[in-house]
Amino acid sequence: MQVGNVLKAVAGIAIASTVIGCSDDTEYVYLDPPIADTIDLGPFKCTDEELAEDAAKDCRLYIKGSMNSWSSRPEAQLHYQGEGEYIALFSMQPGEYSFKISDPSWSAERDLAISDEADAEVIFDTPMELQRKYDDFGNQNMDIAVTSDEDQVYRFTLDSSSGINNPSLLIENITDTDADKLSEAMYIVGTFNDWTASDNAEFTYKGAGNYEAEVTFAEAGTVSFNVHQGMDKPNVYGSLDNQPISLTEGASALTTYPGGKMSAQVDAGSYVFSLSILGDGQLAVPLSIAKVRAVVGHDTITAVNVATNITSDGSTFAQSYAWDAEGDMSVSLSDDTTQTQASVRQMATADTEGRYTVTLTTNKDLSSEASASHDVDVIELVNANNIVMMIGDGMGYPQLDVTRAYQGEALFLESGKHRGDIKTASADTLGYENLAELGMNYYTDSAAAATAMATGRKVVSGTIAQARPGDGSNLETILEYAQSLGKSVGIVATSHCVHATPAAYASHGPNRNDFVTLSKSMYGDVQPNVTLCGSKQVDGVDVISAEATAAGYTVVDSKTALIPAVAALPATDPNAEILFAGIFGEDEIPYVLPLGDQKSYEEQDIPQLNEMTQIAIEILSKNPNGFVLMVEGSQIDFAGHLNDEERVIHETIAFDTTVEEVANWAELRSDSMVIVTADHETGGLALEKTNGIGQVPEVSWKWGSHTNVDVPIASWGLNSHAFVGRTVENTAIYNVMRGALNAE
């Protein structure tokens, strides 16, 4: 349907007036066939039963996957176009990802993906039949690879015209093939330009169906606007009378033709209006608004002569980046060469202790110039021969609250005076997590969070120790740096060995779910001296055990076999030559409280987390040059995703027991440091009411995904002062470990 042919002025009967002046009495004539008179969510909209249970339920469809932390980001929303069809124009960075289509709550009625029996690999330009996950029907993640060196824009078309149980999904790469197909230009008009379409209000084509228009506001306030196609007798896109739109920064709204005024609350500064349209005749058009801003991250800490990665991730619509560092000491700034636009990030190095301020200015000397700054404290650190980095995956403050209520006393890891808070944002969420209402959809995954702690660089979700964003090169982890100093290194986890967190410390890859590649990287390239964690079956093969065996490791698969195998190792290992792998479980390690058909630790002859950690320290201590060990209590997160409070409690207790033993070990020495934190919080858990010691408390959950709240950090032994009372970036953890290894 050509939209321009539908709305006409009918002499003597009615007039379809346009909103160019200040008049508010726009009147439209609807001709046969009728066009949109409501903003429809389509056949996947909320049912009456769902709305009766939760009137605020969001039933819109989103592309959710490892590329966006499985969250409902506005740019990933599928917009309904009528006749069963939904469209999204979605940009992805190079890499390999898994994804589904779902509403924010992962409702089974809207959990759409490839059926269990189908090939999960995405075939471009060919419709794929999806399976709605409801009743007894299941589905599996779809796998998509972005192979170009540059970001690519894809058109996702979901067609449910034949029914919602098995809709089809067509994915087309339109980055290079799409062109500006509008017969008349689009304009943003409103109270800020007297409702006049002019050249400076024109949307500029940015490729792949995307258009942008920049507007600068002198002061904060509420603005009204809509979108015109054409000047003289324009097609007017906007809100329909029965559903007004107040567009929120960062959120995407569906505008329709014919439409009326929309509104937005703005601050002083420049904003970019973005719309996606694939030519004349599109009856519904996604529109979003985002402030042009500079984002330089949060405060951090480091040591003398330890380069701190300063990032502009999260800056929006920045054409240039200018950096400055001022303080009481000499600070040098250099480009981060892993970035394809090197000035996007900087490496800041100070030659003495003290504090300096880093300031980022984007679009310098333009009307949209913006700036942001944060402080860097350069602190004193002493040399640590041994470092134990401990991570409670998904363990935020609420997990501690609930476990404390169950135990009736504080956890050991709460007992130390050396405590602070950690910011968790990944490269693709930094800055966005602070947006009102919308920020909750911007949270890291474990791969990005662990990479930040292990390498000092922020990366996009799903990435394992590689420069993404950037050139995709491998980022040296703290374990690899320790190896360069002649130290031994190891990982311990209650997940499988190449799950996101252990993988980020001891392997490299673009896709956290490519367990074959990560196993080859871990055992063939990085080669940590000790890995004690779970197995992983891929196509019927335990890929972790297979790669460890092929690389010459001593491999054991049970607690019974572990003890004599450790006893048979050399008494000392000054050249870090021991390669030892305990790979447990039939496929992963079970919960402390087995779930469903899981066999228990005892039935599978698996050592507990504290026992694995003791063994790892024993083996690594054979090297007089010292060691670095990463220990993860992985399944606090797993239970959080299931909203399984009882298992969250018992996994947290097991982790806390391990922390106590390691902290006591470090406190009895003069050469070791222990850092304990989380990668993120999982579930949006909140303690509502205690029920006494040994009784599971009453709680509430926000959802089954991660959140972006600050998480605790505590430390024992050497350099335990580093994080006291501070709230800093998660990359600061790498800075402190690196500084402790470098200190004289």
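Leaving out residues up to four places away in sequence, valine 223 touches Thr191, Phe192, Phe217, Met262, Ser263, Ala264 and Val266, where contact denotes heavy atoms within 4.5 Å. The model is predicted, local features requiring pLDDT of at least 70 and side-chain atom pairs counting only at pLDDT 80 or more, whereas totals for chains, interfaces and linings use all residues. Residues are numbered from 1 along each chain as its sequence is written, and side-chain values use heavy atoms, with hydrogens and water left out.

Valine 223 lies in strand E13, which covers residues 221-229; strands (E, at least two residues) and helices (H or I, at least four) are DSSP runs numbered from the N terminus. Valine 223 has a relative accessible area of 7% and is therefore buried, a term for values under 20%, with exposed being over 50% and partly exposed in between (1.4 Å probe, protein chains only). Between the C-alpha atoms of valine 223 and methionine 262, which are 39 residues apart along the chain, the separation is 8.3 Å.

Apart from neighbours within four places in sequence, phenylalanine 580 is in contact with residues including Leu532, Tyr553, Leu562, Leu569 and Ile619. A second, separate core of 28 residues includes Met67, Ala76, Phe99 and Met128, a nonpolar core being a set of buried Ala, Val, Leu, Ile, Met, Phe, Trp, Tyr and Cys residues joined through side-chain atoms within 4.5 Å.

In helix H3 (residues 446-455), 10 of 10 residues are buried, and the elements covering them include strand E27 (386-392) and helix H13 (731-742). Glycine 456, which follows H3, has a positive phi near 80 degrees.
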